[in-house]
Amino acid sequence: MSKAIATISKTREIMEKHGYHTKKKFGQNFLTEPSIVERIAQSIPQADPLLVIEIGPGIGALTEQLAKVADHVIAYEIDDQLLPILADTLSEYPQVEVRHRDFLQVNLKEELQPWIEEGYTIAVAANLPYYITTPLLFHIFESGAPIHSITVMMQKEVADRFCAEVSTKDYNALSVISQYRADVKMVMKVPKEVFVPKPNVDSAVIQFQLREYKQVVDKEEAFFALVKSCFTQRRKTILNNLSNYLGNKEKARTYLEKAGIDPAQRAETCSLDTFIQLYEEMDL
């Protein structure tokens with residue numbers, strides 16, 4: 001039985017064989033602890049058939065384990081120098097398909113349509129680059145694709161925001177939007193020592209179990225934009241942020257008062273239900 005990719009010795013062997021060096025611009029930190037990638041893969045809710053979308057497979061450490069639990073894996077990789085490496089490391093897994101694409105440019109709903117029509121349950125898994133975690137997750141949430149679960153590793157500080165409650169320092173727009181769409185749980189915490197190169201902070205694996213899709217507001221894209229706008233400058237009042245978004249302070253004040261929100265509040269004191277109420281008072 002071949003050694004798992006996610007070991008320090010195998011990782012070094014692969015990188016030396018292909019003359020590859022991690023690239024800071026892509027936020028690459030490769031996992032070198034097999035038990036962690038195995039646990040991530042095994043934590044994905046099972047279904048038959050199951051398609052897993054992976055963002056940024058790197059040299060294939062997590063991909064290898066996903067191939068053991070899924071019927072098909074589509075891995076999106078932006079770094080063209082990793083394509084021949086993945087072709088080598090994943091050669092034993094014909095159910096893995098690597099696509100050389102920037103995931104942020106992918107129309108996820110459109111690309112998944114054939115799999116949806118074939119009855120696949122779709123999950124997302126990734127070891128996300130720290131610098132682009134939030135944009136990637138918003139891209140998934142806002143795609144409209146019927147994703148069943150999202151299991152991702154990210155900077156622990158960011159992970160804490162997903163689980164944050166109203167009126168806490170970690171509560172932000174991502175907290176609100178994720179709670180609109182999913183139940184969130186912590187899968188595990190991951191020390192920085194198990195990565196190559198070693199990052200400056202610890203990580204955590206979070207799983208989003210997306211609820212059976214039911215559109216609560218009539219225009220979700222507009223609702224998400226509203227929520228994000230209210231958190232634009234965290235130290236400012238919700239009135240100031242909403243005024244900047246609308247370009248009209250009096251109109252912003254009227255909407256807030258109709259929704260029962262004190263204009264002097266900050267966005268972090270507003271629950272998901274409060275934001276929905278505000279949205280419903282507005283003509284967006």
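Q: Helices (H or I, at least four residues) and strands (E, at least two) are DSSP runs, numbered from the N terminus. Where is Pro 49 found in these terms?

A: Pro 49 is in the loop between helix H2 (34–43) and strand S2 (50–55). This is a predicted model, where local features need pLDDT of at least 70 and side-chain atom pairs count only at pLDDT 80 or more, while totals for chains, interfaces and linings use all residues. Residues are numbered from 1 along each chain as its sequence is written, and side-chain values use heavy atoms, with hydrogens and water left out.

Q: What makes the bond between Asp 48 and Pro 49 worth a note?

A: A cis peptide bond joins Asp 48 and Pro 49, with omega at about 0°. Most peptide bonds are trans. A cis bond also joins Val 196 and Pro 197, where omega is about -10°. Pro 197 sits in the loop between strand S8 (195–196) and strand S9 (203–210).

Q: Why is Thr 7 called buried?

A: Buried means under 20% relative accessible area, exposed over 50%, and partly exposed in between (1.4 Å probe, protein chains only). Thr 7 has 14% relative accessibility, so it counts as buried. Its place is the segment before helix H1 (8–18).

Q: Which polar contacts does the side chain of Thr 7 make?

A: A polar contact is a pair of N or O atoms within 3.5 Å; within protein, one must be able to donate a hydrogen and the other to accept it, and residues adjacent in sequence count only if both atoms are side-chain atoms. The side chain of Thr 7 reaches the backbone oxygen of Ala 4 at 3.2 Å. A polar atom of that side chain also lies 3.1 Å from the backbone nitrogen of Lys 10.

Q: Is Tyr 20 buried or exposed?

A: Tyr 20 is at 4% relative accessibility, so it counts as buried. The residue is in the loop between H1 and S1. Contact means heavy atoms within 4.5 Å. Leaving aside neighbours within four places in sequence, Tyr 20 is in contact with Met 15, Gln 28, Phe 30, Asp 79, Gln 81, Leu 82 and Ile 85.

Q: What makes S5 and S6 a pair?

A: Two strands pair if DSSP finds at least two bridges between them. Six bridges join S5 (residues 121–127) to S6, so the two pair, and they run parallel. In one of these bridges, Ala 126 partners Val 152 of S6.

Q: What covers H3?

A: Eight of the nine residues of H3 are buried, which leaves this helix mostly covered. The cover includes S1, H2, S2, strand S3 (72–76), strand S4 (96–99) and S5.

Q: What makes a space a cavity or a pocket?

A: On a 1 Å grid over the protein atoms alone, a cavity is a set of points where a 1.4 Å probe fits but cannot get out. A pocket is an open set with protein on both sides within 12 Å along at least five of seven lines. Lining residues have an atom within 4 Å of a point. Grid points are joined across faces, edges and corners, and a volume is the space filled by probe spheres set on the points.

Q: How many cavities of 30 Å³ or more are there?

A: The count is one. The largest cavity has a volume of about 30 Å³. Its lining includes Ile 140, Phe 141 and Arg 181.

Q: Which residues are closest to the centre of the largest pocket?

A: The largest pocket has a volume of about 510 Å³. Of its 33 lining residues, Phe 26, Ile 55, Gly 56, Asn 127 and Pro 129 are closest to the centre. Strand S1 (30–31), S2 and helix H3 (61–69) each give two or more residues to the lining.
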